[in-house]
Amino acid sequence: MLFAWASPVFAQTDAFTRSLAEASAQDEPTAAFYRAHQYQPLWTGPNDQQRRHALIMALSTAQAQGLPANRYDPADLIAQAKAAVTEGDRGRLEMAMTAAFLSYARDVSSGALTPKKIDPTILREIIRPDPAVLLAAMATTPVPEAYLAALLPVAPEYARLVKEKLRLQAEAPSLIGVSAAKLSPGDTDDAVIALRDRLIELGYMSRSATAVYDAQMQRAVQRYQLDQGLAADGVAGASTIEALNTPPAERLKSVVVALERMRWMAHTDLGKRHIWVNQADFSAQIVDDGRVTFETRAVVGKSSPEMRTPEFSDEMEYMVINPSWGVPRSITVKEYLPMLQRNPNAVGHLQVIDGRGRVVPRGAVNFAAYSASSFPFGLRQPPSDGNALGKVKFMFPNKYNIYLHDTPAKALFANEVRAFSHGCIRLGDPFDFAYTLLAKQTSDPKGLFQGHLDTDNESSVSLDIPVPVHLVYYTAWPTKDGMAYRRDVYGRDGLLFDALTKAGVTLPDVQG
C-alpha cells in the first residue's frame, strides 16, 4: 500500500528545513544525520516512494512479531501524511517516520526490552544498532525492502515462531478438557474419551471411536509427552493432563517471549557449531551446521533466585579432566563453615586451603573464631570418584563462575524437573559430550580423553577452535516435527511477558 497524500509532495523548502530541524533537535544522532545531508528528506521527498512504502510494510508486521506496534504505529503515520498541508507539516512527518524507523529497527534487531532490568539473572549482552549507521544504510540501500528484512533475526526458528504465533491466534478455542487425576492403559470412562478427542484435536491420533485407553492411545500419549519434555511412559498423569489442558492463550505468551529472546540474539549464527543449553528443557546439545549432533539431559540451578542458572553466551575453550572442586565462597561460608564450627572434622572429603592454594591442617584452624565475612580460608575437593564435579568439567571462563560438568549424583537425571544445582550445569552423559567436542580435532577422541582420565591426575585439554556456548531459556522452541513447550520453572517468562505488555505488546483474545 502507498501513502495517500493529502497534498502534493514538493521539493525541499526553508519551511520544511526549519520544521525538520526543530523536530529533530532533541535527538542528536538524527539531527546530525539531517545536518550532514543538508536536510534532504529520507521519506517524504518526490523520489522516496519506494523507501516509505517499504517502511510502512515493515511496520505493519510488528504486531505479528510480538513487538509493541504502538511505538511505530503505521496507521498514525498514514493519518499524518493525509493531514499534511504545509511544508512544516511535512517536516514533522519526516521526523515522525525517522523516529518510527529507528525505534522499529532497534527493537526488531535487538529486542524491545532490556532484560537485565527485568530479571538480574538474564545476563545476555544486547548489541544495540547505531542510529547513525541505520540511517546511513537506509539512505543508500538500493532495495529498502531487503534492508529492512535483514534486520530480523537470521535464525530460521524466528520465522517459525512467528508462524506459530499466527497459528495460535487463529486456533479455534478448544472445548475439550481432560478431567481426571490420572489415566492409564486399559481405562474406560468419559475421561478416556475426552483424552482421545484432545489427542485427535492436537494431531497425535487419527480419528477413532475407541472408548478404551488402548495401545494406539498409549503411543499417542508417549509422542505427546516427548514433545512436551515429559516422562514418556504412556500414562496420562498429572503433568501430562496439565499440559493437555493448557489453553492456546498461555502457549501464545510463551511464543511471544521466545520471539523477544531471539531478538536479543538476532545476529547470532546458530548454523555454525555451538553448544545450546536450554534451561527450561533441562538439556544440553552440540549443534553442527544447524543439526543436533549430540544431546544429553542436564541439571540446572535451583529455582531460588540466588541459585538460578543465568542466561548468557560465551566460548568454551577447554575441558579439565579429573578436576578438583574449588568450593564457591558462598557455599563455603553459608553451608560448610557452620558445620566446621560445630565439628572441625566435618566434610572430611574437603581440604582447607589458604590464599595461595596450600593445604592447611584442620587442627591449625579455630573455625569458631571466624564469621562468614572474615573466614580467610577456602575449601577444595581433590580429584576422586566422589568429586562434586565428577570426572570432567567444560570451561568457558566467565565472571559468573558457571561451567558444565559431570556429577556423581546420577539419580537426579531421572527426574522430570531437574533444577537441583547451585547454578552450574551438570551433564547426564559428559564423556560422550567430550568425545563429540574432541572429534573435530582428533581421529581418536575417546582415546585422547581416556588417556588423560586414566592418569587420575588433573589435566586440561584445549579445544583447537573455541565453541560458542549459549545458556538460554526457551519455553517454546521449534523442533523438526513442530513446536515444543516447556514449564516456566524460574518464572522468567512470566516477568518478561508482563514487561512486554507494559511496553505495548498486545495480543488478540485467544481463549482455551
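Where in the chain does D444 lie? D444 is found in the loop between α14 (430-438) and α15 (445-453); helices here are DSSP runs of H or I with at least four residues, strands are runs of E with at least two, and both are numbered from the N terminus. The structure is a predicted model, in which local features need pLDDT of at least 70 and side-chain atom pairs count only at pLDDT 80 or more, while totals for chains, interfaces and linings use all residues. Residues are numbered from 1 along each chain as its sequence is written, and side-chain values use heavy atoms, with hydrogens and water left out.

The chain as a whole contains 16 helices and 14 strands. Its C-alpha atoms fill a box of roughly 90 × 70 × 50 Å along the principal axes. Of the 512 residues, 49% are buried; buried means under 20% relative accessible area, exposed means over 50%, and partly exposed lies in between, with a 1.4 Å probe and protein chains only. Of the contacts (heavy atoms within 4.5 Å) between residues at least 6 apart in sequence, 67% join residues at least 24 apart.

We return to the loop. D444 has a relative accessible area of 42% and is therefore partly exposed. From F413 it is separated by 31 residues in sequence and by 28 Å in space, C-alpha to C-alpha.

On the side of α14, F431, A434, Y435 and L438 take part, and they meet P445, K446, L448, F449, Q450 and L453 in α15. By class, these residues comprise 8 nonpolar, 1 polar and 1 charged; Ala, Val, Leu, Ile, Met, Phe, Trp, Tyr, Cys and Pro count as nonpolar, Asp, Glu, Lys and Arg as charged, and the others, Gly among them, as polar.

A second pair of helices is α9 (residues 190-201) and α10 (residues 215-228), whose axes come within 11 Å and cross at roughly 55 degrees. These helices are therefore oblique to each other. V192, L195, R196 and L199 of α9 make the contact with M217, A220, V221 and Y224 of α10. Here the classes are 7 nonpolar, no polar and 1 charged.

Helix α1 (residues 14-24) packs with α5 at an angle of about 40 degrees, their axes 7 Å apart. The residues of this contact divide into 5 nonpolar, 4 polar and 4 charged.

In soluble globular proteins, nonpolar side chains tend to be buried together. The largest nonpolar core in this model has 54 residues, and those with the most contacts inside it are W43, F101, M262, W276 and Y474. A nonpolar core is a set of buried Ala, Val, Leu, Ile, Met, Phe, Trp, Tyr and Cys residues joined through side-chain atoms within 4.5 Å. Helix α5 (residues 87-110) gives the most to this core, with 9 residues. Apart from this core lies another, of 52 residues, including L340, V365, L389 and I425.

Technical notes
Axes fitted to C-alpha atoms, helices over the stretch in contact; angles between N-to-C directions. Parallel < 35°, antiparallel > 145°, perpendicular 65-115°, else oblique.
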